Amino acid sequence: VRRIPPGRVATYGDVAGMAGRPRAWRAVGTIMRTCRSPSVPCHRVVAAGGRLGGYSDPRRKRQLLQDEGVIVGLRGTIRQFAAIRWTIRD
């Protein structure tokens, strides 16, 4: 997750796959929700389809992403999701 650059996002499933456990997306969500380390950009991990997903403070997640130039729609969906979705191959 620390490798995800500012202004880019990855899904919980993407992170699980990068960790070698592609079906462990729920575990990734739990870890991201409970992580308190400021060195881990948990806000850059989103739900499938570009939805914001969970976070300890959803308004803060939206604001952190917007501060990095990510456009978030009114219903919590990231605009141009395919263009900013990051994979380890990027």
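Is Gln80 buried or exposed? Gln80 is exposed, because its relative accessible area is 62%, over the 50% cut-off. The views below come from a predicted model.

**View 1. The whole protein has four helices and two strands.** The elements run β-α-α-β-α-α. The C-alpha atoms fill a box of roughly 30 × 25 × 20 Å along the principal axes. The radius of gyration of the protein is 12 Å. A compact globule of 90 residues would have a value near 12 Å, so the two agree. Now look at which parts touch. Take the contacts with a separation of 6 or more: 56% of them join residues 24 or more positions apart.

View 2. Buried residues make up 39% of the 90 residues. The side chains include 18 positive and 5 negative ones. The centres of these two sets lie 8 Å apart.

**View 3. Gln80 sits in the loop between helix 3 and helix 4.** Helix 3 covers residues 58–67, and helix 4 covers residues 81–84. What is the phi of Gln80 near? The angle is near 55°, a positive value in a residue other than glycine. Most residues other than glycine have a negative phi. Recall that Gln80 is exposed, at 62% relative accessible area.

**View 4. Thr11 lies in strand 1.** This strand spans residues 10–11. Thr11 has a relative accessible area of 5%, so Thr11 is buried. Which residues does Thr11 touch, not counting those up to four places away in sequence? They are Val45, Val46, Ala47, Ala48, Phe81 and Arg85. Next, find Arg51. Thr11 and Arg51 are 40 residues apart in sequence. In space, their C-alpha atoms are 9.1 Å apart.

View 5. A disulfide is a covalent bond between the sulfur atoms of two cysteines. Cys35 is in no disulfide, and its nearest cysteine sulfur, that of Cys42, is 3.8 Å away. Cys35 is partly exposed, with a relative accessible area of 23%. Cys42 has 5% relative accessibility and counts as buried. The cut-off for buried is under 20%.

**View 6. Ile88 lies in the segment after helix 4.** Ile88 has 45% relative accessibility, so this residue counts as partly exposed. Which residues is Ile88 in contact with, leaving aside its neighbours within four places in sequence? The answer is Arg3 and Met18. Now locate Ile71. Ile88 and Ile71 are 17 residues apart in sequence. From C-alpha to C-alpha, the two are 22 Å apart in space.

Note on methods: Residues numbered from 1 in each chain as written. Predicted model: local features only at pLDDT ≥ 70, side-chain atom pairs only at ≥ 80, totals over all residues. Heavy atoms only, no water. Rg over C-alpha atoms; globule rule 2.2 N^0.38 Å. Buried < 20%, exposed > 50% of the residue type's maximum accessible area, 1.4 Å probe, protein only. Contact = heavy atoms within 4.5 Å. Lys, Arg positive; Asp, Glu negative; His and termini not counted. Charge placed at Lys NZ, Arg CZ, Asp CG, Glu CD. Disulfide = S-S within 2.5 Å.
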